[in-house]
Amino acid sequence: MTNDKISRRDFFIRCTKAGLSTAAAAVLAGILYESDPAKISPQSSNIVEAMNFSVLPVAGKAISIVTGSNRQSTVTKAVELLGGMQRFIKPGDNVLLKPNVGFSLPPRVCATSHPELIEQITKLCYQAGAKKVYITDNPINDPKSCFELTQIASAAKKCGAEIILPRQDHFKQVTLKGAELIKNWPILYEPLKNVNKVIGIAGVKDHRRSIASMLMKNWYGLLGGNRSIFHQDIDKIIVELAMLIKPTLVILDATQVMVSNGPTGGSESDLKQTDTMIASCDQVAADSFGATLLGLKSNDLPYLVKAEKLGLGTTDYQSLKPLRAEVKA
Amino acid sequence: MKITTARRISQVFFFALFIWLCAVTTVGEKFWQLRGWPVNFFLNLDPLNVIATILSTHKLYAPLLWSLITIILTILFGRFFCGLVCPFGALHQLVSHLAHGKNNSGLIALHKYSKAQSIKYYILFVILIMAVLGRYSSLQSGLLDPIPLFTRTINLLILPIIGDSAKILTSGRFYQISLLTLSVFLIFVLLNFYKPRFFCIFICPLGALFGIINRFSILRINRNLSTCTDCKLCNSHCQGSCEPAETLKLSECVLCFNCLDDCKFDAIDYNTADSQTSQVAPDLSRRGILAAAFTGLLALPAFRLSGISTRDNNLVRPPGAIPEKEFIKRCLKCGQCMKLCPTNVIQPAGLESGLENLWTPVMNNRVGTSGCQLDCVACGYICPTSAIKPLTLAEKLGKGDFSGNGPVKIGTAYVDRSKCLTWAFGTPCLVCQENCPVSPKAIFAKPALVLAKQDSQPQIDTELLQPYVDAKLCIGCGICQHECPVGSKGAIIVTPDGQSRENRLYL
């Protein structure tokens, strides 16, 4: 037998291997073949309805307004008037606080929620038996710097709350049922998933685009992605955020309100001392009252009017018969 | 313990220390954050930094005095830094070992001395000539000096990759021109397959500097001719390719001590004996030095030509950066400011601004978490040569003692009306105005003037507010540009116009 010829046996082996490889390639192609061409725009995914964290309403205990300059005592009183924290937080609850931590500015300029207020609310939650209190926000400035410079990080450490710095994998693409703007949009979802109570905390600030930034505007901090595009229709996005999330309780801190250069401020001269703390189950009502502190009526704020029309709350806060008190410092 | 084991322990220690110090270069108070860690330790030990900055600026920076220790130890003991300390050298040695093995029969040939090893001296001369040219001078040692090179590679490439994969960071760190950073690093690492410690032997300007100053060293590697059997085994793992078996080239010896370990007859020693078998000076020719000098003279304008406009300042530098002409004489291109910056806005400049500016810090507001934060002065405190001056908060914000100076201005923002949503499409937006952090705001809004229909009188649309920049108030922090919803560079763009560091009329 010459070297340039293979044996019959080798020839068959080679044919078998070739045949099997060919067949495998064909089978694989058949399995992977996609007969439907890919869609250019993806279908809406993760359609969600409102995330409801609210508790049962109690007649006559929907909103309280407490005057005084000490945030810790006014917030304690304001919550007490609504029935105390135990009305909202049951033992074993996991609570998420959503303050405004938007800017890496010190607390004295009041562009962000005050650390003492956060500390006190956390304490109240723990006193009511909360298992764990979390704090989160997706700030505008660098997240870590924001939590540090606003001193909310150190306040949280003191009172045992855990800060959740937003990470890429905390966001989930969400489509809100009935919404026009929140469509396949990244929402800071992970921190909301593991809690059963949510408390919104915000200040009262001048805001050129939306006129005033208060509790409802504060939920902007749950949006991810290039959320700046929503400023083109800011009233609608604020209302849609209110549709998305129904908080357990909201705290509006109007101890000092930012009357100019909002929402960043940056100087104490942008602030006005109004010594008021509002606790409410109705964020539309709380914001409507907050607007008055800036010299505005609820009709001046289109998002309040829209929210009322959709039944998200009432702009006529007087109809809720606010419980009032004064705390001397 | 074998002396080579001690050398390996030293290399591992300094390599680990180097990586650790890079890793902790991040703002914070935890033990794995900045705190008091001497994060510029290796940069300060590097005598090329100090010599080149003295030549370019005629000044000596106090922290760089640490390099005096390196210089004195080198004069006394030889190139200990290369063999025992240099983390980049340690990496090359490891890769070379992995690439060639320990018992390869070709090792003696592989470690043969080559005349081309003189190239690194010429590279050093080119760098020093560029630094010495008075008011035209430019500090380019950082391009090839292993300590800045390895520092920026770890800072801008390796740690971000590790951090991102391990999700240690809240948001990933991004650095532009990473492909270039990677290419330079990878090429030098892979060249070890061609020749062990290729970078150290042929390229390293720092090694060349040590090769020049170790000529009077007291302790040297010596071969005892009476006990030597001329087996040439000592050449087989020589990391400097200095051929201890022939005429040992002292300037090339990196003190790896492999020859001591390889010699079976104790003929090699590290001692004060008379070095009759050594060549002390590097192989340099007068022609070569002249060629290097001319290359240096030509290289500088050539570096500059490609980025000529940058001499007129088109780069937006971090706050506290000194005037451009001085800046380029000081910046080591080490990337420490970029690693430290909490918002990741400080980025390495690419080739678009000329080779001269490659890897120097520039602001890219569209990268990172949020422009330049108002209450942050971190970058100036880490810069090893004060190319970015350490500012106090009062000085940066123009408060207190500095209220007469006004805030430090990085640049000025411009509204690009052809892209701004309010101007181009007539849709309301004002994100830039909202986020302007100065008080009173440098971005203000006015109602739009619109033509209801052709030939009609312009009317004021109070519903549509359009942004304007007050150039006097704008500090160029770039937060507006970061937040602008318009894609690409955004519709509000920070330029270096009006920057404090040039102190001249811009607009």
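Predicted model: local features only at pLDDT ≥ 70, side-chain atom pairs only at ≥ 80, totals over all residues.
Local features need pLDDT of at least 70 and side-chain atom pairs count only at pLDDT 80 or more, while totals for chains, interfaces and linings use all residues. Residues are numbered from 1 along each chain as its sequence is written, chains are lettered from A and ligands numbered from 1 in the order in which they are written, and side-chain values use heavy atoms, with hydrogens and water left out.

View 1. Buried means under 20% relative accessible area, exposed over 50%, and partly exposed in between (1.4 Å probe, protein chains only). In soluble globular proteins, nonpolar side chains tend to be buried together. Leu206(B) is in contact (heavy atoms within 4.5 Å) with Asp46(B), Pro47(B), Leu48(B), Phe81(B), Asp145(B), Pro146(B) and Ile147(B), leaving aside neighbours within four places in sequence.

View 2. Ser67(B) is found in helix α4 of chain B, residues 67–77. Helices (H or I, at least four residues) and strands (E, at least two) are DSSP runs, numbered from the N terminus. Ser67(B) is buried, at a relative accessible area of 2%. The residue touches Asn44(B), Leu45(B), Asp46(B), Pro47(B) and Val50(B), not counting residues up to four places away in sequence. Asp46(B) and Pro47(B) are also in contact with Leu206(B).

**View 3. The boundary between the two domains of chain B.** Domain 1 spans 1–408 and domain 2 spans 411–507. These bounds come from an automatic or database domain assignment. The C-alpha centres of the two domains lie 43 Å apart. At the boundary, 22 residues of domain 1 are in contact with 23 residues of domain 2. The buried area is about 1700 Å², of which carbon and sulfur atoms give 48%. Buried area is the accessible area (1.4 Å probe) that two parts lose on being put together, summed over both. Ten residue pairs are in polar contact between the domains, both residues at pLDDT 80 or more. A polar contact is a pair of N or O atoms within 3.5 Å; within protein, one must be able to donate a hydrogen and the other to accept it, and residues adjacent in sequence count only if both atoms are side-chain atoms.

**View 4. Glu324(B) and its two arginine partners.** The count between domain 1 and domain 2 of chain B is one salt bridge. A salt bridge is a side-chain nitrogen of Lys or Arg within 4 Å of a carboxyl oxygen of Asp or Glu. Arg501(B) pairs with Glu324(B) in a salt bridge, the closest N and O atoms being 2.8 Å apart. Arg317(B) also forms a salt bridge with Glu324(B), at 2.6 Å between the closest N and O atoms. Both Arg317(B) and Glu324(B) are buried.

**View 5. The interface of chain B and chain A.** One salt bridge is counted between the chains. The side chains of Glu434(B) and Lys217(A) meet in a salt bridge at 3.9 Å, N to O.

View 6. Over all chains, the structure holds 23 salt bridges. Asp93(A) and Lys197(A) meet through their side chains at 2.6 Å, N to O. Asp93(A) lies in the loop between α3 (85–88) and β4 (94–98), and Lys197(A) in strand β9 (residues 197–207), 104 residues apart. Asp93(A) is buried at 6% relative accessible area, and Lys197(A) is buried at 9%. Lys98(A) and Asp137(A) form another salt bridge, at 2.9 Å, N to O. Lys98(A) is in strand β4, whereas Asp137(A) is in the loop between β5 (132–136) and α5 (143–149), 39 residues apart. Lys98(A) has a relative accessible area of 1%, and Asp137(A) has 2%.
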